[in-house]
Number of protein chains: 2
Amino acid sequence: MSKLNIVLIGSGNVATHLGKVLKKAKHNILQVFSPTLKSAKILATQLCCAYTNQTSNINPNADIYIIAIKDDAIAELGKKLKVKSKIVVHTSGSVSMDAIKNTSTNYGVFYPLQTFSKAKKVNFKSIPICLESSNFKTLKTLQTLANSISNNVLNISSEQRQNIHIAAVFACNFSNHMYAIADELLKANKLNLDLIKPLIAETSEKIQNNAPESVQTGPAIRGDKKTIKKHLDAIEKKEYKKLYQLISKNIQSHY
Amino acid sequence: MSKLNIVLIGSGNVATHLGKVLKKAKHNILQVFSPTLKSAKILATQLCCAYTNQTSNINPNADIYIIAIKDDAIAELGKKLKVKSKIVVHTSGSVSMDAIKNTSTNYGVFYPLQTFSKAKKVNFKSIPICLESSNFKTLKTLQTLANSISNNVLNISSEQRQNIHIAAVFACNFSNHMYAIADELLKANKLNLDLIKPLIAETSEKIQNNAPESVQTGPAIRGDKKTIKKHLDAIEKKEYKKLYQLISKNIQSHY
């Protein structure tokens, strides 16, 4: 399998995890770019490569430029990056491929569908990688790259990718926020999240082989009005009360 | 370890799972009661025991009567069950212990903190069992029973139990509803929940060793306003739009 020369643009969670797994797969990480020199240096040190905070100093000799920065900043960065016919991709779930169409004649999207936190290792092999590209040749190279780190590589259009991203926000970001609220409520009562960790694990495990609808439990779906009222009376924070009400109502109308 | 004689009152998810694991731990399930004879029979057949749908026919010779029915129905059932000094417990997260204080001189709560669906086996050993009781002797017996099926037995007051239950509603029921919404949004776009199952697994796995707050990701916490706006424009159902907005706002004010 061919090894590719890569410049990483970004130094956040996605750039860090991608950089590490690509290096492990024996690709050459030539350089890390970040507008913050310190962040660029931290990641470059882990990857044993060069770094810069000047777009004008970005190494022009890579095969692929991977832009892994905040969605809102991608188009702006794209305006400054000109690499002729080299491949440029971004890693965002919600930014259209065209946002970087002026960077090169060959561009695309390389979206790893996972939640990355720096502190937590992930196994890339099972992570779906959603690819999109401006032409077939670029797609082939992106497939080579993606297949070198994952067994789950998919061709996904910009529109599909946005819908997947919205679903991911609900299933991942929002459910994590439910955990955070639970954590806060327990702490306020001198109880520990450890208590409900088996419950959290089981809830997510259940849906690996069952439709979420078919395994919904709790007061809302049972229509336990007294319990719902008791809970609402006991929740102090207005915004959590509102969330409890809205989601319970939503569960009840869903089934 | 002493084996106990048990009557199960209820035939739903909790009664079914508890019945099976208690039988496996060599306790004697004497009888299943359910107001619906057919449901009583189905569970009794699995447990090889007697069954009835008449409260007047409930076997008076058990050591423990376990009431595992809908929260709203517990007090009503409690009015009909009179078993003198035998132990009566309910399994609810949110009903106070006193709801069954007239059933016997010895009563309490036996609350397994888990989400049960009939189709999915669970490993009881790691499930926290929250106990509460009207007196010390009863507590000792409940501990014997709980320790025979779980390594995670806790003494929890009615007030603590309610707070745990509220946290569990957020962390379990509400996050499962987020999965259900994701599933629906994907299906509407001819995509499959399988795509984000690795993401769901990782999200819940992360918090086993990290505070949920510390691993929050996504557009809301990054403050990606454009992405949030794009998502809101793309979501068709009014109630999902409202949920997306409210939870995103909540995430942003939380950090």
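The following paragraphs describe how two chains of a predicted model are arranged and packed. Local features require pLDDT of at least 70 and side-chain atom pairs pLDDT 80 or more, whereas totals for chains, interfaces and linings use all residues; side-chain values use heavy atoms, without hydrogens and water. Residues are numbered from 1 along each chain as its sequence is written, and chains are lettered from A in the order in which they are written.

Chain A can be laid on chain B by a turn of 180° and a shift of 0.0 Å along the axis, with an RMSD of 0.0 Å (least squares on C-alpha atoms of residues with pLDDT of at least 70 in both). The two copies are thus related as by a two-fold rotation axis. Of the residues of chain A, Ser175(A) comes closest to this axis, its C-alpha lying at 2.2 Å.

Helix H6 (residues 197–206) of chain A packs against helix H6 (residues 197–206) of chain B at about 175°, with the axes 9 Å apart. Helices are DSSP runs (H or I, at least four residues), numbered from the N terminus; axes are lines fitted to C-alpha atoms over the stretch in contact, and angles run from 0 to 180 degrees between N-to-C directions. H6(A) and H6(B) are therefore roughly antiparallel (over 145 degrees). Their contact (heavy atoms within 4.5 Å) is made by Ile200(A), Ala201(A) and Ser204(A) with Ile200(B), Ala201(B) and Ser204(B).

Methods. Helices (H or I, at least four residues) and strands (E, at least two) are DSSP runs, numbered from the N terminus. Angles under 35 degrees count as roughly parallel, over 145 as roughly antiparallel, 65 to 115 as roughly perpendicular and the rest as oblique.
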